[in-house]
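Here is a briefing on a predicted model. Look over the sequence and structure, then read on.

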Amino acid sequence: METLAQVLIIGFTVGSFYALVALGYTMVYGIVRLINFAHGDLVMVASFIGWVMLQQAWIRDMPALPGIIVAAGVSIVGTALLSLTLLRFLYARLIGRSTLGFLLVTLSVAFALEEIVKLVFGAREQSYPNYALATETITVAGVTFAGMDLVVIGLAGVLMAGMIWFAQRTMTGAAMRALAIDHDAARLMGINVNVLIAAAFVIGAALAAVTGVLSGVYYGRISFDMGFALGLKAFTAAVVGGIGNIGGAVLGGLVIGVLEAVVQGYLAGAWSDAFIFGALILVLYIRPQGILGERVAVRA
Amino acid sequence: MFNGLRSTGAGLGRRVVVATAALPLLALAACQGAEAGNDGDGVIKIGILAPTSGSQSADGEGMVRASRLVIDKVNADGGIDGRRIELVVADDACEAQAGTQAAQKLITDKVVAVVGGFCSSATLPAIELFHRNQDLPFVVAVSSNPKVTDAGYPGITRYIGRDDQEAPVAAKYLLEQLKSSKLAIMNDNTEFSRSVAKNVEQRVKEAGTAAIVYNDSIQPGQNDYRAALERVRTTGADTLLYTGFYPEFGILAKQWKSLNLPYQLVGGASSIDLSVIKASPQASQDPRFSIVTYPTASLLNNPKATAFREAYRKQYNADPAQYDVFQHDATEGLVAALREDPDSLGAEALNKRLRALSFEGITGQISFDDRGDRKAFPFLAVRANADGTFIPVFQFAPDGGWAPAGQ
């Protein structure tokens, strides 16, 4: 019983990371109906920006928590700017013109980002500083878990709730939802389409940056190739949950995280990827639109 | 699945690095009587095959430096029977194709022998080429792939251990030194790691003193292995052996420590790297933590090793790379074989003398079996100390088994 509780906590922690990244896929897909395959590598770039910041003497002199917050802030701004630059100079011309072109360009950007980071920082993994708060553990009723588990789950929960509130309760969110239904009608209603597309990319990048720095602080290890597997699993999470649906991305992320932990904790670790992608196939077979997805209307 | 493929690829890459890091190729080109390398006067050319460019260039540079240190001294002392030794460096870039080209360059340059070999991927094609050129002597320093000597070519002598020596030694360590009776074995799903795990399992079953309560893979490239570590705890294991590579081992060690798990944690020879200490200084200093490893440069504690480190630092203002000790011993072995009979440097005669060598090197007693592998290859079990370096806690001697490491 304690083991099950422990495995579930681990699953929720891992799932929270997947969910935060899945939100980025779903935001962009919801608005432009395209998959940004470079999204996973934005997480990687973000964790390297955070790592570089944490090496700076003036941040090292700060107490741990403010230092991490400053590094995360710089990483959020840097990653958002990178995402905007890519959108402006590479993606924008392809949106609405070439679906395959967009996929290929984002895939190329993913590999380019990996190679650039490898050239600059080397192929070896880098280590985040060893924070005491990353190894603190709490034991409740025989169940041991890390304090950071609560931080990760809590922070992800707040961000995800904020996202849902933003989409449902704000004017910009409503405009985004309108855009998801019909670009032309939205434009006729006076919605600035390009600004909203940019907003979706920026929000996705900011969530990626939080994921990257948080993962570095918690797990300690970052490497140039960390984004690809993470991105693929988060994408799977978004599809399982119903891509384009914010709640679906969260649910999908948690499902995949828990599945991974349960397979590792009870079945065979070597099979965890087989189970995850098997689950993807099963969900799509039964519900092609994903767990919370709605049937996508055919657009002119 | 894509993830699995990529991760496996990365794992293999690392393994190649480890394997090849240890293989200095000291090949003496088999020169005919009239050729430059063997004409009774003038310089004696020795080839160095090492990755001086590419991902392993730091290790390759180190190997060149280690050989140069030995050869400079020989030349300063009057050379081999009055003849100077000249080093010809060929870059194998840790790749099969570049390795073939580098080997060809050494053959064209008429070296009497080659020393080096780091990445097995580059060493193996070079071996074929040397074999076809009258078995040009190739003193392999760092490549640990069994195939290097399994071909049975007379030109090969190898100074590092074989990959397949690790499992029996690790099994002995777990059973005899750590007294494990309930053993858990974890691999990282790569071919190499699985085969070590399988061999350990077999040895433990043969010994019959311990039960294997867990034997499973983890998927490399993930960040959270706590669920798997937790599962090992529920099996009641007293010791966990991980046979995979260091990036995942660093994470395992960190999470093992933070969960305060009741079993001992042991890493295999692919798990050693300073990044493990960085990942978790607390875990790597824990008395229940250790890594079974080859005796590499920073781990050896004998007068020869100390002298080598000091001379290296003096000449290059840097510490030797981990596998430089094998390149050093390989170069010394080649020089000894050259000295034995400076008038007969043909491949056949030289190969016989290289195989018959018996001397005390930095890495222990060196002599060879009829395949060209070291007869007795030492291992160490290490743990981190407070300074953030690994120090030996136990040592394995092939005749005496495991014992606490003497200072």
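Chain B has 14 helices and 16 strands; these are DSSP runs numbered from the N terminus, with helices (H or I) of at least four residues and strands (E) of at least two. Residues are numbered from 1 along each chain as its sequence is written, while chains are lettered from A and ligands numbered from 1 in the order in which they are written. This is a predicted model: local features need pLDDT of at least 70, side-chain atom pairs count only at pLDDT 80 or more, and totals for chains, interfaces and linings use all residues.

**Confidence**

- The model scores ipTM 0.84 and pTM 0.77.
- Chain B averages a pLDDT (the predictor's confidence in each residue, from 0 to 100) of 85, and 89% of the residues score at least 70.
- Residues 1-39 of chain B have a pLDDT below 50. Beyond near neighbours in sequence, this stretch still has 167 contacts in the model. Two residues are in contact if their C-beta atoms, placed from the backbone, lie within 7 Å.

**Fold of chain B**

- Of the 407 residues in chain B, 57% are buried. Buried takes 20 or more other C-beta atoms within 10 Å of a residue's own; exposed takes 12 or fewer, and partly exposed lies in between, with C-beta atoms placed from the backbone.
- Among contacts in chain B between residues at least 6 apart in sequence, 75% join residues at least 24 apart.
- Eight strands of chain B form an open sheet with mixed pairing, in the order E8-E7-E9-E10-E11-E14-E15-E16. Strands pair if DSSP finds at least two bridges between them.
- The edge strands of chain B are E8 and E16 (401-404), each pairing on one side only. From one strand to the next, the twist averages 25°.
- Strands E15 (residues 390-397) and E16 of chain B run antiparallel and are joined by four bridges. B:Phe394 stands opposite B:Pro404 in E16(B).
- Axes are lines fitted to C-alpha atoms, for helices over the stretch in contact, and angles run from 0 to 180 degrees between N-to-C directions.

**Where the chains meet**

- 32 residues of chain B are in contact with 32 residues of chain A.
- On the chain B side, H1 (2-21), E8 (211-217), H8 (226-234), H9 (246-258) and H10 (274-279) each supply at least two residues. H8(B) gives the most, with six residues.
- This side of chain B divides into 11 nonpolar, 13 polar and eight charged residues. Ala, Val, Leu, Ile, Met, Phe, Trp, Tyr, Cys and Pro count as nonpolar, Asp, Glu, Lys and Arg as charged, and the others, Gly among them, as polar.

**Nonpolar core**

- The largest nonpolar core has 214 residues. Such a core is a set of buried Ala, Val, Leu, Ile, Met, Phe, Trp, Tyr and Cys residues joined through C-beta atoms within 7 Å.
- Helix H1 (residues 2-32) of chain A gives the largest share of this core, 18 residues.
- A:Ile31 is among the residues with the most contacts inside the core. Beyond its neighbours within four places in sequence, A:Ile31 is in contact with residues including A:Met176 and A:Leu196.

**Positive phi**

- B:Cys94 has a phi near 65°. B:Cys94 sits in the loop between E3 (85-91) and H3 (96-108) of chain B, and is buried.
- B:Asn260 has a phi near 55°. B:Asn260 lies in the loop between H9 and E10 of chain B, and is exposed.
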